[in-house]
Amino acid sequence: MKPSWRTKKMSFITVLIAAIFTQGLASVNAVSRLLYVMGRDSILPSRFFSYVHPKYKTPVFNIIFSSVVSLLAIFITIDQALRFVNFGALTAFFFVNLCVITLYVSKKTKERSVKRMIFNLISPIVGAVFILWLLFLLDVPTLLGGLTWVAIGMIYLGYLTKGFKGALPQTVSEKIELELKDKAV
C-alpha cells in the first residue's frame with residue numbers, strides 16, 4: 001500500500017523536527033566549549049566561563065548560558081535571524097582578509113615573490129572589497145544591529161588590551177610554546 005500524502009507530510013515534519021533538535025544540541029555543545037576555551041584563556045571572564053562541573057567535567061555555566069541565549073531566538077523571525085547570520089559570516093570573512101593583509105605587510109621576510117604578493121595581498125584586498133560591497137547590500141536594520149555588535153566587540157577588545165596599548169592575553173597553546181622554547185634554550 002502506497003503511503004498517503006498526509007503520512008509523507010507528517011514523516012517529513014518529524015524528520016525536520018529531529019534535525020533541528022540535533023543541530024541545536026550540536027550548536028550548544030560547540031558554543032559552550034568555545035566559551036570555555038575563551039574563559040580558560042582569560043579572553044572572557046574566567047571565573048564564570050572556565051568553570052567545569054566537578055562531577056560531569058562539562059562547562060555547565062556555558063551550556064546554560066548558550067541555551068538561554070539560543071532560546072531568545074523565539075522572539076525574532078527566521079528572516080531576521082538569516083540576515084544577522086549573513087552579516088556575521090560576511091564580517092568574519094572581511095576580518096580574515098584584513099588579517100592576511102596585515103600579516104603580509106607586517107612580516108619582515110626577505111622572500112617577497114609575485115606569487116606571495118598575489119596570494120597574501122592582492123587576493124585578500126579583492127576579497128575584502130567584494131565583501132564590503134555585499135555588506136552594503138544588506139538592509140539598514142541588519143547593518144545597524146551588526147555594527148552595534150562589532151562596536152561592542154571593539155570596546156571589549158580595547159578593555160582587554162588596556163586601550164589597544166597592550167597585547168591580548170596569551171592562549172594556553174601560546175604559553176606552552178613559550179615554555180618549550182625556554183626549556184630548549
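Is aspartate 41 buried or exposed, and what is its relative accessible area? Aspartate 41 is buried, at a relative accessible area of 5%, where buried denotes under 20% relative accessible area, exposed over 50%, and partly exposed the range in between (1.4 Å probe, protein chains only). The model is predicted, so that local features need pLDDT of at least 70 and side-chain atom pairs count only at pLDDT 80 or more, whereas totals for chains, interfaces and linings use all residues. Residues are numbered from 1 along each chain as its sequence is written, and side-chain values use heavy atoms, with hydrogens and water left out.

Helix H1 spans residues 5-40; helices (H or I, at least four residues) and strands (E, at least two) are DSSP runs, numbered from the N terminus. The 36 residues of H1 reach 52 Å from the first C-alpha to the last, close to the 52 Å expected at 1.5 Å a residue. The expected span is 1.5 Å times one less than the number of residues in the helix. Val28, Ser32, Leu35 and Gly39 are the buried residues of H1. These buried residues pack against helix H2 (46-49) and helix H3 (60-71), contact being defined as heavy atoms within 4.5 Å. After H1 comes serine 42, which has a positive phi, near 65 degrees.

Salt bridges were assigned where a side-chain nitrogen of Lys or Arg lies within 4 Å of a carboxyl oxygen of Asp or Glu. The count by this rule is 3. In general, side chains of opposite charge can pair when their charged atoms come close. One of the salt bridges joins aspartate 41 to arginine 40, with 3.5 Å between the closest N and O atoms. Aspartate 41 is buried, whereas arginine 40 is partly exposed, with a relative accessible area of 37%.

A further salt bridge is formed by the side chains of arginine 83 and aspartate 79, at 2.7 Å from N to O. Both residues belong to helix H4 (residues 78-106) and are 4 residues apart, about one turn of the helix. Arginine 83 is partly exposed at 22% relative accessible area, and aspartate 79 is partly exposed at 46%.

Arginine 83 also forms a salt bridge with aspartate 139, the closest N and O atoms lying 2.4 Å apart. This pair links distant parts of the chain, 56 residues apart: aspartate 139 is in the loop between helix H5 (114-136) and helix H6 (140-160), and arginine 83 is in helix H4. Aspartate 139 is partly exposed, with a relative accessibility of 28%. Through shared partners, the salt bridges join Asp79, Arg83 and Asp139 into one network.
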